[in-house]
Amino acid sequence: SSLFTGWSSVYSIISRYSIGPSLWTFDEGTVLNGSPGDQIPTRAFMNFPYTYDESTHLGDIDWAPQGTPGPFAPADPLWNGLAQAVYGFFVPETTTFLVIGNTAGLETGIGYKAVQENGIECPGPCPYGTDDYYNYYWMFDIEEILAAETVSDIRPYDYGAWDIPFSNNGLNSIIGATYDTTSRMLYIALQNAGQMGLYDRPPLIVTFALTRPPTAPTAFTSAPVASTPAPVASTPAPVVANTPAPIVANTPAPVVANTPAPAVSTTCVDSSLRFKLQWNGRKITRNCFWVSNRATIQRCSVEGVSAACRDTCGGASTSCSACEDTTLRLKLEWNGRIIHRDCSWVGNRATIQRCGIVGVADACPVTCGNCS
């Protein structure tokens, strides 16, 4: 076969399509020399057919029924009912088949005709959070594809959100792409990203140059023209994205005399609770997964977030060891009611019981005596 194609569950009747990126090959001669009505022979190398046996699906495509109040359970980050595979290509000089597209609902979940957090009802399935959209990539190992016993056995060796320039944090989704093997340029079309006026909605083409690093001539990475690395790897390797690495400086740290050291927590974990914060001029309710998913440095800089998400925002660095209560209001259940309270409420009375609520002690370690 000389050509390849693919399809995924992009349109409304999901059962007609592959529940995940597919890969088929065919011969161009059968297209050019065929007659109207002829069937084109194809061979499937990767396909996830819709069946009642969900093991043939790449991920979980269920969503909350109409009328269910949000937020919902987080959608499957591997593949879900709003995931779309838009374009795939073989990365030259590697064993990677790279698929790019978009997904949604990873933090606030997906509901059918959901009433989103802004009070507007969607015409079909949508995430509860109005900004819970992501451009995405899936990396498959070609050798695994060729060796698979069935076409639905394959799984990506890496996948995740891709923060593309001009994508408005995923709201301007990938709607098309192409790769030029001669120039080694990857062209990606972003929906509505070229808007200049009040009513125009043109797409924007973002260009990435795929280059070889000089220190590793057999490897292959992508260097974007617009400053964000494309998620292309030459060998299957896990990718850890959006988490700020600790900074090692060459200058000695200042010495402060006669100042007591800050309290140090015995553990460094994220609180599992959702919390209220101000983001892009709007009040929203989010959790630490949202913080880690993209724009982590900026989200950790929001007042109170780093104290609630100490692992995500600090990791093994010194900022994690400083023990402090978050200033954010936490969403929790108390006496059968869902309420939003801060750490001062926890310490006001019934502190032992309130600290016993899952996630509270991690967000209020000082109040709950979680510091050493």
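**Salt bridges, surface patches and backbone features**

R286 and D131 are both buried; here, buried denotes a relative accessible area under 20%, exposed one over 50%, and partly exposed a value in between (1.4 Å probe, protein chains only). The model is predicted, so that local features require pLDDT of at least 70 and side-chain atom pairs count only at pLDDT 80 or more, whereas totals for chains, interfaces and linings use all residues. Residues are numbered from 1 along each chain as its sequence is written, and side-chain values use heavy atoms, with hydrogens and water left out.

The buried residues R286 and D131 form a salt bridge in which the closest N and O atoms are 2.5 Å apart. This pair links distant parts of the chain, with R286 in strand 15 and D131 in the loop between strand 7 and strand 8 (133–141), 155 residues apart. A salt bridge is defined as a side-chain nitrogen of Lys or Arg within 4 Å of a carboxyl oxygen of Asp or Glu. Strands (E, at least two residues) and helices (H or I, at least four residues) are DSSP runs, numbered from the N terminus. Side chains of opposite charge can pair when their charged atoms come close.

R286 also forms a salt bridge with E117, the closest N and O atoms being 3.1 Å apart. E117 lies in the loop between strand 6 (110–112) and strand 7 (125–127) and R286 in strand 15 (residues 282–286), so this pair ties together parts that are 169 residues apart in sequence. The relative accessibility of R286 is 1%, which places R286 in the buried class. E117 is partly exposed, at 24% relative accessibility. E107, E117, D131, R274 and R286 are linked in a network of salt bridges. Over the whole structure, the search finds five salt bridges.

A further salt bridge is formed by R184 and E93, whose closest N and O atoms are 3.0 Å apart. These residues join distant parts of the chain, R184 being in the loop between strand 10 and strand 11 and E93 in the loop between strand 4 and strand 5 (96–104), 91 residues apart. R184 has a relative accessible area of 22% and is therefore partly exposed; E93 is partly exposed as well, with a value of 43%.

R184 is also part of a hairpin. Strand 10 and strand 11 form this hairpin with four residues between them, and in the turn R184 has a positive phi of about 60°. The two strands, residues 174–180 and 185–190, run antiparallel and are joined by six bridges, where pairing requires at least two bridges found by DSSP. G176 has A189 in strand 11 as its bridge partner.

Positive phi values also occur in two loops. N168, which is not a glycine, has a phi of about 55°. N168 is placed in the loop between strand 9 (158–161) and strand 10 and is partly exposed, with a relative accessible area of 46%. A350, likewise a residue other than glycine, has a positive phi near 50°. A350 is in the loop between helix 8 (343–348) and helix 9 (351–355), and its relative accessibility of 33% counts as partly exposed.

A cis peptide bond, with omega about 0°, joins G70 and P71. P71 is in the loop between strand 3 and strand 4. D53 is placed in the loop between strand 3 (43–46) and strand 4 (84–90).

On the surface, D53, E54, D60 and D62 gather in a patch of negative charge. Patches are made of residues with over 30% relative accessible area and no salt bridge, like charges being joined within 9 Å and nonpolar side chains (Val, Leu, Ile, Met, Phe, Trp, Tyr) within 5 Å. D53 counts as partly exposed, with 45% relative accessibility. V31, L32 and I40 make a nonpolar surface patch of about 280 Å². L32 belongs to helix 1 (residues 28–32) and is exposed, with a relative accessible area of 64%.

N135 lies in strand 8 and is buried, at 1% relative accessibility. The C-alpha atom of N135 is separated by 8.5 Å from that of G160, a residue 25 positions away along the chain.

Methods: Areas by Shrake-Rupley, 256 points an atom, 1.4 Å probe, with all protein chains shown as cover. Lys, Arg positive; Asp, Glu negative; His and termini not counted. Charge placed at Lys NZ, Arg CZ, Asp CG, Glu CD.
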